[in-house]
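Me: I have a protein model to go through today. Could we work through it together, one topic at a time?

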Amino acid sequence: ARGKGLMCAFDLPNGEIRGKAIDTMEANDLLVLASGHQSIRFRPGLALSSEEAAEGIRRMEISLRQIV
């Protein structure tokens with residue numbers, strides 16, 4: 001049976017920036033995966049609270065600011 005969950009993804013300008021973003025997000029305790037040539041994907045569980053979602057978004061924002 002397939003697992004159920006929320007799938008999210010976003011594109012970055014190119015694969016090089018995507019690689020830097022993934023490394024930085026992992027350093028900030030986020031689990032993300034590469035998708036295609038320039039995308040990042042992640043899959044939080046369905047039981048994700050609004051506080052957990054906000055914290056994940058905060059860590060992504062911090063990570064992306066660190067690479068620009």
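Me: Which element gives the most to the lining of the largest pocket?

Reply: Helix α2 gives the most, with 5 residues. Please keep in mind that this is a predicted model.

Me: What volume does the largest pocket have?

Reply: Its volume is about 370 Å³.

Me: How many residues of the lining are nonpolar, polar and charged?

Reply: The lining has 13 nonpolar residues, 1 polar residue and 3 charged residues.

Me: Let us change topic. How many helices and strands are there in the protein?

Reply: The protein has 2 helices and 3 strands. Along the sequence they follow the pattern β-α-β-β-α.

Me: In what order do the strands form the sheet?

Reply: The order in the open sheet is β1-β3-β2, and the pairing is antiparallel. The twist from one strand to the next averages 30°.

Me: Which strands stand at the edges, and what follows from that?

Reply: Strands β1 (8-11) and β2 (33-35) stand at the edges. Each has a single partner strand, so one side of each is left without a neighbour in the sheet.

Me: How many bridges join β1 to β3?

Reply: There are 4 bridges between these two antiparallel strands. As for individual residues, alanine 9 has arginine 41 in β3 as its bridge partner.

Me: Where does helix α1 lie?

Reply: Helix α1, residues 15-27, lies across β1, β2 and β3. Its direction is at about 30° to β3.

Me: Now a residue in the loop between β1 and α1: is asparagine 14 buried, partly exposed or exposed?

Reply: Asparagine 14, in the loop between β1 and α1, has a relative accessibility of 31% and therefore counts as partly exposed. Leaving aside neighbours within four places in sequence, asparagine 14 is in contact with His37 and Gln38.

Me: What about aspartate 11: is it buried or exposed?

Reply: Aspartate 11 is in strand β1. Its relative accessibility is 53%, so it counts as exposed; the cut-off for exposed is over 50%.

Me: Which residues is aspartate 11 in contact with, leaving aside neighbours within four places in sequence?

Reply: Aspartate 11 is in contact with Gln38 and Ser39. Serine 35 is 24 residues from aspartate 11 in sequence, and their C-alpha atoms are 8.9 Å apart in space.

Me: Finally, the protein as a whole. What percentage of its residues is buried?

Reply: Buried residues make up 22% of the 68 residues in the protein.

Me: And what box do the C-alpha atoms fill?

Reply: Taken along the principal axes, the box is roughly 35 × 25 × 15 Å.

Me: Among contacts between residues at least 6 apart in sequence, what percentage joins residues at least 24 apart?

Reply: Of those contacts, 62% join residues at least 24 apart in sequence.

Methods. Residues are numbered from 1 along each chain as its sequence is written. This is a predicted model: local features need pLDDT of at least 70, side-chain atom pairs count only at pLDDT 80 or more; totals for chains, interfaces and linings use all residues. Side-chain values use heavy atoms; hydrogens and water are left out. On a 1 Å grid over the protein atoms alone, a cavity is a set of points where a 1.4 Å probe fits but cannot get out, and a pocket is an open set with protein on both sides within 12 Å along at least five of seven lines; lining residues have an atom within 4 Å of a point. Grid points are joined across faces, edges and corners, and a volume is the space filled by probe spheres set on the points. Ala, Val, Leu, Ile, Met, Phe, Trp, Tyr, Cys and Pro count as nonpolar, Asp, Glu, Lys and Arg as charged, and the others, Gly among them, as polar. Two strands pair if DSSP finds at least two bridges between them. Axes are lines fitted to C-alpha atoms, for helices over the stretch in contact, and angles run from 0 to 180 degrees between N-to-C directions. Contact means heavy atoms within 4.5 Å. Buried means under 20% relative accessible area, exposed over 50%, partly exposed in between (1.4 Å probe, protein chains only).
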